[in-house]
Amino acid sequence: MSGLPAGRHFFRGDDGYEAARSATVWHARVPERYPEVIVQAVDADDIIAGLHYAKSNGHNVSIVSGGHSFAASHLRDGAVLLDVSRLNHATIDVEKSRAVVGPGKGGSLLMADLQEQGLFFPGGHCKGVCLGGYLLQGGYGWNSRIYGPACESVIGVDVVTADGEQIHCNEDNHADLYWAARGAGSGFFGVVTSYHLKLYPRPAVCGTSAYLYPFELADEVYTWARSIGAEVDPRVELQAVASRGEPTMGIESPVISFASPAFADSEEEAEKALAIFGSCPVADKALVKIPYMPTDLPTWYDIAMTHYLSDHYYAVDNMWTSASAADLLPGIRNILDTMPPHPAHFLWLNWGPVPRRQDMAYSVEDDIYLALYGSWKDPADEAKYADWAQSNMAAMSHLASGIQLADENLGRRPARFASDEAMARLDEVRAAYDPDGLFNSWMGRL
Ligand SMILES: Cc1cc2nc3c(=O)[nH]c(=O)nc-3n(C[C@H](O)[C@H](O)[C@H](O)COP(=O)(O)OP(=O)(O)OC[C@H]3O[C@@H](n4cnc5c(N)ncnc54)[C@H](O)[C@@H]3O)c2cc1C
(Lines give C-alpha, C1' and ligand atoms only; values in the text may rest on other atoms or scores of the structure.)
Protein backbone atom coordinates (compact mmCIF):
# COMPACT_ATOMS: atom_id res chain seq x y z
CA MET A 1 0.00 0.00 0.00
CA SER A 2 1.38 3.39 -1.00
CA GLY A 3 -0.70 5.34 1.55
CA LEU A 4 -1.51 7.84 -1.20
CA PRO A 5 -5.12 9.07 -1.51
CA ALA A 6 -7.19 6.48 -3.39
CA GLY A 7 -8.30 7.62 -6.84
CA ARG A 8 -6.25 10.79 -6.59
CA HIS A 9 -2.77 9.66 -7.54
CA PHE A 10 -1.15 8.49 -10.78
CA PHE A 11 2.11 6.58 -11.00
CA ARG A 12 4.14 6.89 -14.17
CA GLY A 13 2.64 4.37 -16.60
CA ASP A 14 -0.85 4.45 -15.03
CA ASP A 15 -3.85 5.29 -17.20
CA GLY A 16 -4.51 8.97 -16.67
CA TYR A 17 -0.89 9.80 -15.75
CA GLU A 18 -0.12 11.74 -18.92
CA ALA A 19 -3.42 13.63 -18.78
CA ALA A 20 -2.71 14.54 -15.15
CA ARG A 21 0.87 15.60 -16.03
CA SER A 22 -0.01 17.78 -19.03
CA ALA A 23 -2.96 19.34 -17.19
CA THR A 24 -0.41 20.91 -14.83
CA VAL A 25 1.10 23.02 -17.63
CA TRP A 26 -1.04 25.86 -19.01
CA HIS A 27 0.51 26.03 -22.50
CA ALA A 28 1.42 23.50 -25.18
CA ARG A 29 5.11 23.17 -24.38
CA VAL A 30 4.98 20.42 -21.78
CA PRO A 31 8.60 19.54 -20.99
CA GLU A 32 9.89 15.96 -21.17
CA ARG A 33 10.29 15.71 -17.41
CA TYR A 34 8.39 12.96 -15.65
CA PRO A 35 7.46 12.81 -11.96
CA GLU A 36 7.28 9.32 -10.44
CA VAL A 37 3.79 9.97 -9.10
CA ILE A 38 1.29 12.82 -9.27
CA VAL A 39 -0.90 13.35 -6.20
CA GLN A 40 -4.03 15.44 -6.75
CA ALA A 41 -4.42 16.72 -3.22
CA VAL A 42 -7.70 18.04 -1.89
CA ASP A 43 -6.54 18.79 1.65
CA ALA A 44 -3.57 18.84 4.00
CA ASP A 45 -3.93 15.10 4.75
CA ASP A 46 -3.32 14.28 1.07
CA ILE A 47 -0.26 16.52 1.11
CA ILE A 48 1.09 14.85 4.23
CA ALA A 49 0.51 11.42 2.65
CA GLY A 50 2.47 12.56 -0.43
CA LEU A 51 5.35 13.84 1.69
CA HIS A 52 5.41 10.61 3.67
CA TYR A 53 5.49 8.53 0.49
CA ALA A 54 8.32 10.64 -0.94
CA LYS A 55 10.44 10.29 2.20
CA SER A 56 9.82 6.58 2.55
CA ASN A 57 10.73 5.90 -1.06
CA GLY A 58 13.60 8.34 -1.56
CA HIS A 59 11.87 10.83 -3.87
CA ASN A 60 12.06 14.60 -3.96
CA VAL A 61 8.87 16.67 -3.89
CA SER A 62 7.57 19.34 -6.26
CA ILE A 63 4.39 21.37 -6.01
CA VAL A 64 2.05 22.84 -8.59
CA SER A 65 -0.91 25.19 -8.07
CA GLY A 66 -2.03 26.96 -11.26
CA GLY A 67 0.75 25.56 -13.46
CA HIS A 68 1.51 29.01 -14.91
CA SER A 69 5.25 28.78 -14.46
CA PHE A 70 6.29 29.24 -18.12
CA ALA A 71 9.17 26.82 -17.54
CA ALA A 72 6.91 24.25 -15.79
CA SER A 73 9.33 24.31 -12.90
CA HIS A 74 7.23 21.72 -11.05
CA LEU A 75 7.89 18.94 -13.57
CA ARG A 76 10.96 17.08 -12.30
CA ASP A 77 12.06 13.60 -13.15
CA GLY A 78 11.39 11.04 -10.45
CA ALA A 79 9.64 13.43 -8.05
CA VAL A 80 6.43 13.18 -6.11
CA LEU A 81 4.39 15.99 -7.65
CA LEU A 82 1.81 17.48 -5.30
CA ASP A 83 -0.89 19.09 -7.42
CA VAL A 84 -2.66 21.46 -5.01
CA SER A 85 -4.81 23.22 -7.61
CA ARG A 86 -7.93 21.84 -5.90
CA LEU A 87 -7.15 23.83 -2.76
CA ASN A 88 -8.99 26.81 -4.20
CA HIS A 89 -10.98 28.09 -1.22
CA ALA A 90 -11.48 31.80 -0.55
CA THR A 91 -13.02 33.37 2.54
CA ILE A 92 -13.38 37.12 2.47
CA ASP A 93 -13.93 39.21 5.58
CA VAL A 94 -15.28 42.49 4.23
CA GLU A 95 -15.29 44.29 7.56
CA LYS A 96 -11.71 43.49 8.38
CA SER A 97 -10.51 43.72 4.75
CA ARG A 98 -8.88 40.33 5.01
CA ALA A 99 -9.07 37.11 3.00
CA VAL A 100 -7.88 33.54 3.44
CA VAL A 101 -7.31 31.89 0.08
CA GLY A 102 -6.05 28.57 -1.19
CA PRO A 103 -3.06 28.31 -3.55
CA GLY A 104 -5.30 26.95 -6.32
CA LYS A 105 -7.48 30.06 -6.36
CA GLY A 106 -7.11 31.96 -9.63
CA GLY A 107 -6.04 35.56 -9.14
CA SER A 108 -8.65 36.83 -11.60
CA LEU A 109 -11.36 34.86 -9.78
CA LEU A 110 -10.35 36.38 -6.47
CA MET A 111 -10.40 39.83 -8.08
CA ALA A 112 -13.94 39.23 -9.34
CA ASP A 113 -15.09 38.12 -5.86
CA LEU A 114 -13.47 41.20 -4.32
CA GLN A 115 -14.82 43.67 -6.85
CA GLU A 116 -18.35 42.57 -6.02
CA GLN A 117 -17.71 43.38 -2.38
CA GLY A 118 -16.05 46.74 -2.99
CA LEU A 119 -12.56 45.38 -2.30
CA PHE A 120 -9.29 45.07 -4.21
CA PHE A 121 -6.00 43.16 -4.19
CA PRO A 122 -2.97 43.51 -6.47
CA GLY A 123 -3.84 40.30 -8.33
CA GLY A 124 -1.93 39.27 -11.47
CA HIS A 125 -2.79 40.51 -14.94
CA CYS A 126 -3.96 37.27 -16.50
CA LYS A 127 -6.62 34.65 -16.07
CA GLY A 128 -5.41 31.23 -14.97
CA VAL A 129 -2.45 32.40 -12.86
CA CYS A 130 -3.04 31.04 -9.36
CA LEU A 131 -2.10 32.59 -6.06
CA GLY A 132 0.07 29.58 -5.16
CA GLY A 133 3.01 30.49 -7.37
CA TYR A 134 2.11 34.14 -7.92
CA LEU A 135 2.49 35.22 -4.29
CA LEU A 136 5.61 33.14 -3.59
CA GLN A 137 7.57 34.84 -6.37
CA GLY A 138 6.51 38.43 -5.64
CA GLY A 139 3.42 39.20 -7.67
CA TYR A 140 3.22 42.11 -10.08
CA GLY A 141 -0.47 42.89 -10.25
CA TRP A 142 -3.06 45.53 -10.86
CA ASN A 143 -2.07 48.77 -9.15
CA SER A 144 1.12 47.18 -7.84
CA ARG A 145 3.05 50.41 -8.12
CA ILE A 146 0.79 51.62 -5.28
CA TYR A 147 0.52 48.43 -3.19
CA GLY A 148 3.94 46.96 -3.99
CA PRO A 149 4.48 43.40 -5.15
CA ALA A 150 1.50 41.37 -3.93
CA CYS A 151 3.63 39.42 -1.45
CA GLU A 152 3.81 42.62 0.63
CA SER A 153 0.08 42.16 1.22
CA VAL A 154 0.52 38.58 2.48
CA ILE A 155 0.16 38.79 6.26
CA GLY A 156 0.35 35.08 7.02
CA VAL A 157 0.88 31.72 5.36
CA ASP A 158 -0.30 28.23 6.29
CA VAL A 159 2.38 25.71 5.40
CA VAL A 160 2.90 21.95 5.59
CA THR A 161 6.60 21.52 6.32
CA ALA A 162 8.98 18.79 5.16
CA ASP A 163 8.30 16.79 8.32
CA GLY A 164 4.55 16.94 7.76
CA GLU A 165 3.81 19.57 10.41
CA GLN A 166 1.03 22.09 9.68
CA ILE A 167 2.07 25.54 10.80
CA HIS A 168 0.89 29.12 10.48
CA CYS A 169 3.66 31.59 9.88
CA ASN A 170 3.58 35.35 10.11
CA GLU A 171 5.84 38.07 11.44
CA ASP A 172 5.62 36.68 15.00
CA ASN A 173 5.42 32.95 14.41
CA HIS A 174 7.98 31.06 12.27
CA ALA A 175 9.03 34.50 11.09
CA ASP A 176 11.90 33.10 9.00
CA LEU A 177 9.58 30.90 6.99
CA TYR A 178 7.17 33.81 6.53
CA TRP A 179 10.11 35.90 5.31
CA ALA A 180 11.09 33.16 2.83
CA ALA A 181 7.53 32.63 1.56
CA ARG A 182 7.51 36.18 0.26
CA GLY A 183 10.00 35.95 -2.59
CA ALA A 184 11.47 32.43 -2.69
CA GLY A 185 9.23 31.47 -5.62
CA SER A 186 9.86 27.98 -6.93
CA GLY A 187 12.67 27.62 -4.40
CA PHE A 188 10.23 27.58 -1.47
CA PHE A 189 10.65 24.59 0.87
CA GLY A 190 7.19 23.82 2.19
CA VAL A 191 3.68 23.38 0.82
CA VAL A 192 1.47 26.45 1.09
CA THR A 193 -2.12 25.50 1.89
CA SER A 194 -3.52 29.01 2.53
CA TYR A 195 -2.47 32.62 2.24
CA HIS A 196 -3.83 35.27 4.59
CA LEU A 197 -4.19 38.50 2.65
CA LYS A 198 -4.61 42.17 3.42
CA LEU A 199 -7.23 43.75 1.12
CA TYR A 200 -7.83 47.31 -0.05
CA PRO A 201 -10.86 49.42 -0.96
CA ARG A 202 -11.84 49.04 -4.59
CA PRO A 203 -10.76 52.12 -6.59
CA ALA A 204 -13.84 53.80 -8.05
CA VAL A 205 -12.48 54.06 -11.56
CA CYS A 206 -10.23 52.13 -13.95
CA GLY A 207 -9.42 54.41 -16.89
CA THR A 208 -7.23 53.63 -19.85
CA SER A 209 -5.25 55.38 -22.56
CA ALA A 210 -3.89 53.76 -25.71
CA TYR A 211 -1.22 54.95 -28.14
CA LEU A 212 0.06 52.54 -30.78
CA TYR A 213 3.25 53.25 -32.71
CA PRO A 214 4.89 51.47 -35.63
CA PHE A 215 8.21 49.70 -34.91
CA GLU A 216 9.98 52.41 -36.97
CA LEU A 217 9.42 54.85 -34.09
CA ALA A 218 11.03 52.51 -31.53
CA ASP A 219 14.02 54.77 -30.80
CA GLU A 220 11.81 57.77 -30.12
CA VAL A 221 9.17 56.03 -27.99
CA TYR A 222 11.53 53.98 -25.80
CA THR A 223 13.80 56.99 -25.28
CA TRP A 224 10.75 58.98 -24.16
CA ALA A 225 9.44 56.16 -21.95
CA ARG A 226 12.83 55.90 -20.23
CA SER A 227 13.05 59.66 -19.71
CA ILE A 228 9.70 60.05 -17.92
CA GLY A 229 10.18 57.14 -15.46
CA ALA A 230 10.13 59.13 -12.23
CA GLU A 231 7.24 61.34 -13.36
CA VAL A 232 4.72 58.58 -14.07
CA ASP A 233 1.90 58.69 -11.52
CA PRO A 234 2.20 55.51 -9.40
CA ARG A 235 -1.45 54.71 -10.17
CA VAL A 236 -0.45 54.25 -13.81
CA GLU A 237 1.17 51.10 -15.11
CA LEU A 238 3.21 52.46 -17.99
CA GLN A 239 3.70 49.40 -20.11
CA ALA A 240 4.59 49.04 -23.76
CA VAL A 241 3.85 45.77 -25.49
CA ALA A 242 5.61 45.32 -28.84
CA SER A 243 4.19 42.65 -31.09
CA ARG A 244 3.83 41.86 -34.78
CA GLY A 245 0.16 42.79 -34.61
CA GLU A 246 -2.51 43.95 -32.18
CA PRO A 247 -5.72 42.05 -32.90
CA THR A 248 -7.73 43.93 -30.25
CA MET A 249 -7.20 47.08 -32.36
CA GLY A 250 -7.49 45.33 -35.74
CA ILE A 251 -3.81 46.01 -36.52
CA GLU A 252 -1.81 43.36 -38.38
CA SER A 253 1.49 45.24 -38.72
CA PRO A 254 4.25 45.43 -36.05
CA VAL A 255 3.26 47.87 -33.29
CA ILE A 256 4.40 49.11 -29.92
CA SER A 257 1.26 49.54 -27.82
CA PHE A 258 1.28 51.91 -24.89
CA ALA A 259 -2.00 50.86 -23.31
CA SER A 260 -2.17 51.46 -19.61
CA PRO A 261 -4.77 51.34 -16.90
CA ALA A 262 -4.96 53.94 -14.15
CA PHE A 263 -6.90 53.25 -10.95
CA ALA A 264 -8.34 56.39 -9.37
CA ASP A 265 -11.19 57.86 -7.35
CA SER A 266 -12.75 59.64 -10.33
CA GLU A 267 -12.63 59.76 -14.14
CA GLU A 268 -11.03 63.22 -13.93
CA GLU A 269 -8.21 61.92 -11.74
CA ALA A 270 -7.60 58.91 -13.96
CA GLU A 271 -7.58 61.07 -17.07
CA LYS A 272 -5.14 63.48 -15.44
CA ALA A 273 -2.83 60.62 -14.40
CA LEU A 274 -2.83 59.25 -17.95
CA ALA A 275 -2.24 62.63 -19.62
CA ILE A 276 1.51 61.93 -19.56
CA PHE A 277 1.07 59.65 -22.58
CA GLY A 278 0.32 62.74 -24.68
CA SER A 279 3.83 64.06 -23.91
CA CYS A 280 5.54 61.56 -26.21
CA PRO A 281 7.28 63.67 -28.87
CA VAL A 282 5.94 61.46 -31.67
CA ALA A 283 2.41 61.17 -30.25
CA ASP A 284 1.00 62.76 -33.41
CA LYS A 285 2.43 59.85 -35.44
CA ALA A 286 0.61 57.19 -33.42
CA LEU A 287 -1.43 54.73 -35.49
CA VAL A 288 -4.03 54.74 -32.74
CA LYS A 289 -4.39 57.59 -30.27
CA ILE A 290 -6.95 57.33 -27.47
CA PRO A 291 -5.98 59.76 -24.69
CA TYR A 292 -8.67 58.41 -22.36
CA MET A 293 -11.47 55.90 -22.16
CA PRO A 294 -13.30 54.45 -19.18
CA THR A 295 -12.66 50.69 -18.82
CA ASP A 296 -12.92 47.99 -16.19
CA LEU A 297 -10.93 45.01 -14.95
CA PRO A 298 -12.84 42.30 -16.89
CA THR A 299 -12.02 44.17 -20.13
CA TRP A 300 -8.38 44.40 -19.12
CA TYR A 301 -8.21 40.67 -18.40
CA ASP A 302 -9.62 39.98 -21.87
CA ILE A 303 -7.08 42.29 -23.51
CA ALA A 304 -4.18 40.71 -21.58
CA MET A 305 -5.24 37.20 -22.56
CA THR A 306 -4.90 37.96 -26.29
CA HIS A 307 -1.14 37.61 -25.76
CA TYR A 308 -1.27 34.28 -23.93
CA LEU A 309 -2.86 31.51 -25.97
CA SER A 310 -2.89 28.11 -24.33
CA ASP A 311 -2.61 26.25 -27.66
CA HIS A 312 0.79 27.91 -28.28
CA TYR A 313 4.29 26.98 -27.11
CA TYR A 314 6.06 29.57 -24.93
CA ALA A 315 9.69 30.29 -24.03
CA VAL A 316 10.35 33.41 -21.95
CA ASP A 317 13.10 35.40 -20.28
CA ASN A 318 13.44 38.79 -18.62
CA MET A 319 15.58 41.38 -16.87
CA TRP A 320 15.44 44.33 -14.51
CA THR A 321 17.47 47.34 -15.52
CA SER A 322 18.28 50.95 -14.78
CA ALA A 323 20.33 51.40 -17.95
CA SER A 324 19.86 54.43 -20.16
CA ALA A 325 17.75 54.32 -23.29
CA ALA A 326 20.90 54.79 -25.38
CA ASP A 327 22.43 51.67 -23.84
CA LEU A 328 19.23 49.64 -24.16
CA LEU A 329 18.32 50.58 -27.72
CA PRO A 330 20.75 48.34 -29.63
CA GLY A 331 19.37 45.30 -27.78
CA ILE A 332 15.79 46.48 -28.23
CA ARG A 333 16.29 46.93 -31.97
CA ASN A 334 17.50 43.34 -32.21
CA ILE A 335 14.51 42.13 -30.16
CA LEU A 336 12.12 43.86 -32.56
CA ASP A 337 13.99 42.73 -35.70
CA THR A 338 13.97 39.08 -34.64
CA MET A 339 10.52 38.89 -32.99
CA PRO A 340 8.39 35.82 -33.83
CA PRO A 341 4.82 36.42 -35.05
CA HIS A 342 1.98 37.45 -32.71
CA PRO A 343 1.27 36.52 -29.89
CA ALA A 344 5.03 36.64 -29.17
CA HIS A 345 5.75 39.99 -27.56
CA PHE A 346 8.21 42.22 -25.77
CA LEU A 347 7.06 43.97 -22.60
CA TRP A 348 8.60 47.19 -21.33
CA LEU A 349 7.32 48.27 -17.90
CA ASN A 350 8.18 51.48 -16.04
CA TRP A 351 8.24 50.10 -12.48
CA GLY A 352 10.46 52.45 -10.45
CA PRO A 353 11.35 54.52 -8.62
CA VAL A 354 11.31 51.63 -6.16
CA PRO A 355 10.28 52.61 -2.60
CA ARG A 356 11.65 51.00 0.54
CA ARG A 357 10.14 47.51 0.91
CA GLN A 358 9.31 45.23 3.82
CA ASP A 359 12.02 42.77 4.89
CA MET A 360 11.33 39.67 2.78
CA ALA A 361 13.11 37.28 0.43
CA TYR A 362 11.84 39.33 -2.52
CA SER A 363 14.75 41.71 -2.87
CA VAL A 364 15.64 42.48 -6.49
CA GLU A 365 13.80 45.00 -8.65
CA ASP A 366 14.69 48.09 -10.63
CA ASP A 367 13.42 51.07 -12.62
CA ILE A 368 12.49 49.19 -15.77
CA TYR A 369 11.33 45.63 -16.38
CA LEU A 370 11.90 44.03 -19.77
CA ALA A 371 10.40 40.64 -20.61
CA LEU A 372 10.29 38.58 -23.78
CA TYR A 373 7.52 36.08 -24.41
CA GLY A 374 8.47 33.89 -27.36
CA SER A 375 5.60 31.84 -28.73
CA TRP A 376 4.72 29.67 -31.70
CA LYS A 377 1.86 27.37 -32.63
CA ASP A 378 3.50 24.84 -34.94
CA PRO A 379 5.84 22.52 -32.99
CA ALA A 380 8.10 22.49 -36.05
CA ASP A 381 8.93 26.16 -35.29
CA GLU A 382 10.64 25.26 -31.99
CA ALA A 383 14.11 25.52 -33.50
CA LYS A 384 13.26 28.87 -35.09
CA TYR A 385 11.74 30.62 -32.08
CA ALA A 386 12.57 28.84 -28.82
CA ASP A 387 15.83 30.72 -28.32
CA TRP A 388 14.54 34.22 -29.13
CA ALA A 389 13.78 35.29 -25.55
CA GLN A 390 16.85 33.74 -23.97
CA SER A 391 19.43 34.85 -26.53
CA ASN A 392 18.21 38.45 -26.55
CA MET A 393 18.21 38.68 -22.75
CA ALA A 394 21.64 37.04 -22.58
CA ALA A 395 22.94 39.63 -25.05
CA MET A 396 21.66 42.44 -22.78
CA SER A 397 22.65 40.84 -19.47
CA HIS A 398 25.50 43.34 -18.93
CA LEU A 399 22.72 45.95 -18.48
CA ALA A 400 20.66 43.84 -16.06
CA SER A 401 20.51 44.15 -12.29
CA GLY A 402 18.64 40.86 -12.04
CA ILE A 403 15.51 39.05 -13.14
CA GLN A 404 11.94 38.49 -11.95
CA LEU A 405 10.93 34.96 -10.96
CA ALA A 406 7.55 35.62 -12.61
CA ASP A 407 8.96 35.00 -16.08
CA GLU A 408 12.00 32.96 -15.08
CA ASN A 409 14.10 30.80 -17.34
CA LEU A 410 16.53 29.63 -14.66
CA GLY A 411 16.88 26.10 -15.99
CA ARG A 412 18.44 27.46 -19.14
CA ARG A 413 19.87 30.80 -18.03
CA PRO A 414 20.63 31.09 -14.30
CA ALA A 415 20.43 34.71 -13.19
CA ARG A 416 20.24 36.82 -10.03
CA PHE A 417 16.71 37.08 -8.58
CA ALA A 418 17.45 37.92 -4.93
CA SER A 419 20.13 39.93 -3.16
CA ASP A 420 23.25 38.10 -1.92
CA GLU A 421 22.05 38.56 1.67
CA ALA A 422 18.62 37.16 0.84
CA MET A 423 20.13 34.15 -0.96
CA ALA A 424 22.36 33.38 2.02
CA ARG A 425 19.39 33.67 4.41
CA LEU A 426 17.21 31.50 2.15
CA ASP A 427 19.86 28.79 2.32
CA GLU A 428 19.91 29.04 6.12
CA VAL A 429 16.14 28.89 6.47
CA ARG A 430 15.94 25.98 4.04
CA ALA A 431 18.55 24.11 6.10
CA ALA A 432 16.39 24.65 9.20
CA TYR A 433 13.03 23.64 7.69
CA ASP A 434 14.10 21.13 5.06
CA PRO A 435 17.46 19.76 6.27
CA ASP A 436 17.35 16.71 4.00
CA GLY A 437 16.52 18.70 0.88
CA LEU A 438 13.16 17.01 0.32
CA PHE A 439 11.73 19.82 -1.80
CA ASN A 440 13.06 20.51 -5.27
CA SER A 441 14.38 24.05 -5.63
CA TRP A 442 14.91 26.50 -8.49
CA MET A 443 15.97 24.84 -11.72
CA GLY A 444 19.09 27.00 -11.72
CA ARG A 445 20.81 29.65 -9.61
CA LEU A 446 23.98 31.66 -9.78
C1 LIG B 1 -0.18 33.98 -18.92
C2 LIG B 1 0.64 34.36 -17.72
C3 LIG B 1 0.48 35.62 -17.18
C4 LIG B 1 1.21 36.00 -16.06
N5 LIG B 1 1.02 37.25 -15.52
C6 LIG B 1 1.70 37.60 -14.40
C7 LIG B 1 1.49 38.87 -13.78
O8 LIG B 1 0.70 39.68 -14.23
N9 LIG B 1 2.21 39.16 -12.68
C10 LIG B 1 3.10 38.28 -12.14
O11 LIG B 1 3.72 38.58 -11.13
N12 LIG B 1 3.30 37.08 -12.70
C13 LIG B 1 2.63 36.73 -13.81
N14 LIG B 1 2.86 35.51 -14.38
C15 LIG B 1 3.84 34.62 -13.75
C16 LIG B 1 3.16 33.81 -12.66
O17 LIG B 1 2.75 34.64 -11.61
C18 LIG B 1 4.13 32.78 -12.11
O19 LIG B 1 4.51 31.88 -13.11
C20 LIG B 1 3.50 32.03 -10.93
O21 LIG B 1 4.47 31.19 -10.38
C22 LIG B 1 2.30 31.24 -11.38
O23 LIG B 1 1.64 30.71 -10.29
P24 LIG B 1 0.85 29.33 -10.48
O25 LIG B 1 0.43 28.87 -9.15
O26 LIG B 1 -0.19 29.50 -11.53
O27 LIG B 1 2.00 28.45 -11.10
P28 LIG B 1 2.74 27.10 -10.68
O29 LIG B 1 3.46 26.72 -11.92
O30 LIG B 1 1.77 26.15 -10.11
O31 LIG B 1 3.74 27.53 -9.54
C32 LIG B 1 5.05 27.99 -9.80
C33 LIG B 1 5.99 27.40 -8.76
O34 LIG B 1 5.64 27.89 -7.48
C35 LIG B 1 5.79 26.85 -6.50
N36 LIG B 1 4.48 26.62 -5.88
C37 LIG B 1 3.27 26.75 -6.46
N38 LIG B 1 2.30 26.49 -5.57
C39 LIG B 1 2.91 26.21 -4.40
C40 LIG B 1 2.42 25.86 -3.11
N41 LIG B 1 1.12 25.76 -2.84
N42 LIG B 1 3.33 25.61 -2.15
C43 LIG B 1 4.65 25.69 -2.40
N44 LIG B 1 5.16 26.00 -3.60
C45 LIG B 1 4.30 26.26 -4.59
C46 LIG B 1 6.28 25.62 -7.21
O47 LIG B 1 7.68 25.56 -7.06
C48 LIG B 1 5.91 25.88 -8.65
O49 LIG B 1 6.82 25.27 -9.56
C50 LIG B 1 2.15 35.10 -15.49
C51 LIG B 1 2.32 33.84 -16.06
C52 LIG B 1 1.57 33.47 -17.16
C53 LIG B 1 1.77 32.12 -17.77
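Visitor: Lys and Arg count as positive and Asp and Glu as negative, while His and the chain ends are not counted. How far apart are the mean positions of the positive and negative charges of the protein chain?
Guide: The model is predicted, so local features need pLDDT of at least 70 and side-chain atom pairs count only at pLDDT 80 or more, whereas totals for chains, interfaces and linings use all residues. Residues are numbered from 1 along each chain as its sequence is written, and side-chain values use heavy atoms, with hydrogens and water left out. Each charge is placed at NZ of Lys, CZ of Arg, CG of Asp or CD of Glu. For the 33 positive and 57 negative charges of the protein chain, the separation of the mean positions is 2 Å.

Visitor: What radius of gyration does the protein chain have?
Guide: The radius is taken over C-alpha atoms, and the globule rule is 2.2 Å times the number of residues to the power 0.38. The C-alpha trace spans about 70 × 55 × 40 Å along its principal axes. For 446 residues a compact globule would have a radius near 22 Å, which agrees with the value for the protein chain, 21 Å.

Visitor: Among contacts between residues at least 6 apart in sequence, what percentage joins residues at least 24 apart?
Guide: A contact means heavy atoms within 4.5 Å. The chain holds 13 helices and 19 strands, which are DSSP runs numbered from the N terminus (helices: H or I, at least four residues; strands: E, at least two). Of the contacts in question, the percentage is 73%.

Visitor: How many disulfides does the rule give?
Guide: A disulfide is counted as a pair of cysteine sulfur atoms within 2.5 Å. The count comes to 0.

Visitor: Which cysteine has the sulfur nearest to that of Cys-126?
Guide: Cys-126 is buried, since its relative accessibility is 15% and buried means under 20% relative accessible area, exposed over 50% and partly exposed in between (1.4 Å probe, protein chains only). Cys-126 is in no disulfide, and at 12 Å the nearest cysteine sulfur is that of Cys-130.

Visitor: Which loop holds Ala-72?
Guide: Most residues other than glycine have a negative phi, and most peptide bonds are trans. Ala-72 is not a glycine, yet its phi is positive, about 50°. Ala-72 counts as buried because its relative accessibility is 0%. Its place is the loop between β3 and β4.

Visitor: With which residues is Ser-73 in contact, leaving aside its neighbours within four places in sequence?
Guide: Ser-73 is in the loop between β3 (61-64) and β4 (80-83). Ser-73 counts as buried because its relative accessible area is 6%. Its contacts beyond those neighbours are Arg-33, Ser-186, Glu-408 and Met-443.

Visitor: What is omega for the cis peptide bond that joins Gly-352 and Pro-353?
Guide: Another cis peptide bond joins His-342 and Pro-343, with omega about 15°; Pro-343 lies in the loop between α10 (325-337) and β17 (345-350). Pro-353 is in the loop between β17 and β18 (368-376). For Gly-352 and Pro-353, omega is about -5°.
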